[in-house]
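Here is a brief report on selected sites and helix contacts. It pairs record annotations with computed geometry.

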Amino acid sequence: MKILTAKQTKELDAYTIEQDAISSINLMERASVAFTNWFLRKGFSQNNRKRPVFVFCGLGNNGGDGLAIARLLLGNQYEVTTCVVRYAETTSADFDQNYERLKKKHPIIEATEETHLPDIPANAVVIDALFGSGLNRTIEGIAAQAVKKMNRSGATLIAVDIASGLLPDSLSSGVIVRANYTISFELPKLALLLPHNDKFVGSWEAVSIGLNQTFIDDAPTSNYYVNTAFAQKIFKPRSKFSHKGSFGHALMIAGSEGKMGAAVMAVHGGLRAGAGLLTVHLPTRGYNVLQTALPEAMVSLDAHAQYVSNFPSIDDKKYSAIGIGPGLGKHSNTLRCLTKLLEKAQQPMVIDADAINLIAENQDKLLTNVPEYSIFTPHPKEFERLVGRTSTDYARLRTLKAFCQKHRVYVLLKGAHSALATPKGEVYFNSTGNPGMATAGTGDVLTGIITGLLSQRYTPFEAAALGMYVHGLAGDFAAKAEGQYSLMASDIINYMGIAFKTLENNANHE
Ligand SMILES: NC(=O)C1=CN([C@@H]2O[C@H](COP(=O)(O)OP(=O)(O)OC[C@H]3O[C@@H](n4cnc5c(N)ncnc54)[C@H](O)[C@@H]3O)[C@@H](O)[C@H]2O)[C@H](O)CC1
Ligand SMILES: [K+]
C-alpha cells in the first residue's frame, strides 16, 4: 500500500472527482459515512447508554466532514454537541453545504472566543474535525484554545483523517490534538507511522472512501505500508513436488558464552520460517544447549569454547543464505572472523546485533566489504551506533534512506512500525507487531526468520519484508493469546505456524 503526501492526496481527491463522476460534496459524504460506520462498530457506549458526543469543526473540508458526521450520528440517536470554531472568515463550499443541512435540525455552537467553547465531560467522545490534511502552519488563537480544551478534557478523542495540528508528512510544532484514535481516509499518512507522533495518533485505521485507484497506482512515492495484501503477494506457497533441497541451506553464525540462547532463538526462527536445512556455527560450549533445544538443526563447531573465532567454508556456495549476529559478542577474535567473512562472502547476508555493533565500530574497514543487498536488522540504538544521532523521526528517515543508497544495502530498523529501507531509498513500514514484542530475544527470532526465507530463494527484499510482517503477525497472535505483558520471544516462535498458515490459506483460496 502506498503512502502519499498531503499534496498528492489533494490531487487524488481532485482526480477522483473529475474521473469518477462524483461531486466533492458526495465524496465528503462518503468519507463521513466511512468514519461514522467505524464509530458505530465501536459503539462508544457506557452502561448500555451511548456516550455523549462533541464534534469540533474547523472551516475547511475537515470541518465539513465533522458537520456531516454530526448529522449522521444524530440520525443514529447519539446525543451530539456541535461546535464550529471560527478561527477565520472564509469557509469551504462543502463546509457551507453541510453547515446548512445540519443547522436546519440541530443547534450549532459558534466559537469565536474561548468562553464560547462548550465544556466537555470526561465520559464524552470528542470528534476532532478542526484541521485535516489541509493544515499548513501551526494552530493559533481560538483554534489552539479548542485543541487545548479537548486535550484537557480527559474524554476519548477521535481524529477525523488526522489529529489537528499534526502535519501529514513533515515535522509538526505547536498545539496538537492528542487523539486516542485516528481514522485516516483511504491511505495512511507518513506522520501516523513515526514513533514521536504516537501520542497524537493513538490507534489508527485507514478507511476506504473509493478514491481513484489508477491515480494511486501511478503516483510516485518512496514510502509504502506492508499490509496483509502486500505480504500475501510476496508469499510463495509450497508445491507438491518440493523436497528439503528446494528450500536451501541456511548458515547462522551466532552465540557466545552466556548468550547461547540467542543462537537457539535465531535457529528456531529460521527453521519455523521453512529453511530446508539449517547449520548453526557456534562456540563449542553451546553445542549441548543447541542440540538439546533443536535437534532439527545441524551444528558447526567453532575452534573456541566461548566465542566465535572462525566460520565454516563458504567457498562452494553450499549455503544459500548466511545470518550473523545474535548473541555474538564483540571479542577481538570475533571481529577478525567477521572481517574475513565479509571479505569472502559473495552473497547478501543478514547482519544483526553485535555484528552490526562491530561494523559500526570499524566502519572504515568493514562497511565497504558488506556484500551488496545485505540486510541489517538494527534496533534504534544499534542504528544510532551505525549512523550517529538524529534529532527527529524525519531526520532519522532521511539518514536511513541515505545509508541504504550509499552502501547498497537494506536496513530494517526495528520498532513500532518497523521501517525497511532499500538501496533505492524507499521505505516500507510494517503493519504488524505490538509493544509486547519489545522483549529479549525477539530480534534474534527475526534474524532467523529472514535468514530462513533468504535461504529459500526469496530475494533479499522479499525475505526482509515478508519476515518482518510474519514476525509481527506471530507476535500479534501471541499477544492475543498470552497478553502483551508476559509475551516472550519463544511465544512468537510458537505462533509462527499460525501466522504462516494465514498466508497459506489465503494463497490456496486465490
Ligand atoms: N482526501 C480526500 O480525498 C478527502 C478529504 N476530505 C477531507 O478534507 C480534508 C482536507 O480539507 P481542506 O479543506 O483541504 O483542509 P483542512 O480542512 O484541513 O483545513 C482548512 C483550511 O484551513 C487553512 N489552514 C491551514 N492551516 C491552518 C492553521 N494552522 N490555522 C488556520 N487556518 C489554517 C487552509 O487554508 C486549509 O485549506 C481532509 O483532511 C479530509 O478530512 C473530504 O471530506 C473527502 C475526501
Ligand atoms: K482532524
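Asn47 counts as exposed, because 6 C-beta neighbours lie inside 10 Å. This is a predicted model. Asn47 sits in the loop between β1 (45-46) and β2 (49-50). Its phi is positive, about 45°, although Asn47 is not a glycine.

Tyr373 also has a positive phi, about 65°, and is not a glycine. Tyr373 lies in the loop between α13 (363-366) and β16 (375-376). With 17 C-beta neighbours inside 10 Å, Tyr373 counts as partly exposed.

## An annotated site at Asn62, Asp128 and Ser164

An unreviewed UniProt entry places the feature "binding site" at Asn62, Asp128 and Ser164. These positions spread over 103 residues of sequence, yet they cluster in space, with a largest C-alpha distance of 9.5 Å.

Asn62 is found in helix α3. Asn62 counts as buried, because 26 C-beta neighbours lie inside 10 Å. Leaving aside neighbours within four places in sequence, Asn62 is in contact with Ala129, Leu130, Phe131, Gly132, Gly134, Val160 and Asp161.

Ser164 is placed in the loop between β7 (156-160) and β8 (181-185). Ser164 is buried too, with 29 other C-beta atoms within 10 Å. Beyond four places in sequence, the contacts of Ser164 include Asp128, another of the annotated positions. Leu130, Phe131, Ile139, Val147 and Val177 are also in contact with Ser164.

## A second annotated site

Which residues does the other "binding site" annotation cover? The UniProt annotation, again from an unreviewed entry, covers Lys414, Gly415, Ala416, His417, Ser418 and Gly443. They spread over 30 residues of sequence but cluster in space, and the largest C-alpha distance is 14.3 Å.

Lys414 lies in the loop between β17 (410-413) and β18 (419-421). His417 lies in the loop between β17 and β18. Is Lys414 buried or exposed? Lys414 is buried, because 23 other C-beta atoms lie within 10 Å. His417 is partly exposed, with 19 other C-beta atoms within 10 Å. The cut-off for buried is 20 or more, so His417, with 19, falls into the partly exposed class.

Setting aside neighbours within four places in sequence, Lys414 is in contact with Thr377, Pro378, His379 and Gly443. By the same rule, His417 is in contact with Leu193, Phe429 and Asn430.

## Two helix pairs

Two packed helices are described by the angle between their axes and the distance between the axes. Two pairs are listed here.

| Helix pair | Angle | Axis distance |
|---|---|---|
| α3 (residues 61-75) and α4 (residues 93-103) | about 25° | 8 Å |
| α16 (residues 442-455) and α17 (residues 460-482) | roughly 140° | within 8 Å |

Take α3 and α4. Their axes are 8 Å apart, at an angle of about 25°. The two helices are therefore roughly parallel to each other. Their crossing is left-handed. By class, the contact of α3 with α4 has six nonpolar, four polar and three charged residues. From α3, the contact uses Asn61, Gly63, Gly64, Leu67, Ala68, Ala70 and Arg71. From α4, the partners are Asp94, Phe95, Asn98, Tyr99, Arg101 and Leu102. Helix α3 also holds Asn62, described above.

Now α16 and α17. The axes come within 8 Å and cross at roughly 140°. That makes α16 oblique to α17. Angles have to be over 145 degrees to count as roughly antiparallel, so the crossing at roughly 140° stays in the oblique class. Helix α16 passes α17 in a right-handed crossing. The contact has twelve nonpolar, two polar and no charged residues. In α16 the residues are Val445, Leu446, Ile449, Ile450, Leu453 and Leu454. They meet Pro460, Ala463, Ala464, Leu466, Gly467, Met468, Val470 and His471 in α17.

## An exposed loop residue

Thr115 is placed in the loop between β5 (108-111) and β6 (125-129). Thr115 is exposed, because 7 other C-beta atoms lie within 10 Å. How far apart in space are Thr115 and Thr399? C-alpha to C-alpha, the distance is 46 Å, and 284 residues separate Thr115 and Thr399 in sequence.

Notes:
Residues are numbered from 1 along each chain as its sequence is written. Chains are lettered from A and ligands numbered from 1 in the order in which they are written. This is a predicted model: local features need pLDDT of at least 70, side-chain atom pairs count only at pLDDT 80 or more; totals for chains, interfaces and linings use all residues. UniProt positions are given in the numbering used here, feature names are shortened, and annotations may be inferred rather than shown by experiment. Helices (H or I, at least four residues) and strands (E, at least two) are DSSP runs, numbered from the N terminus. A residue is buried if 20 or more other C-beta atoms lie within 10 Å of its own, exposed if 12 or fewer, and partly exposed in between; C-beta atoms are placed from the backbone. Two residues are in contact if their C-beta atoms, placed from the backbone, lie within 7 Å. Axes are lines fitted to C-alpha atoms, for helices over the stretch in contact, and angles run from 0 to 180 degrees between N-to-C directions. Angles under 35 degrees count as roughly parallel, over 145 as roughly antiparallel, 65 to 115 as roughly perpendicular and the rest as oblique. A crossing is left-handed if the near helix is turned anticlockwise from the far one by less than a right angle, and right-handed if clockwise. Ala, Val, Leu, Ile, Met, Phe, Trp, Tyr, Cys and Pro count as nonpolar, Asp, Glu, Lys and Arg as charged, and the others, Gly among them, as polar.
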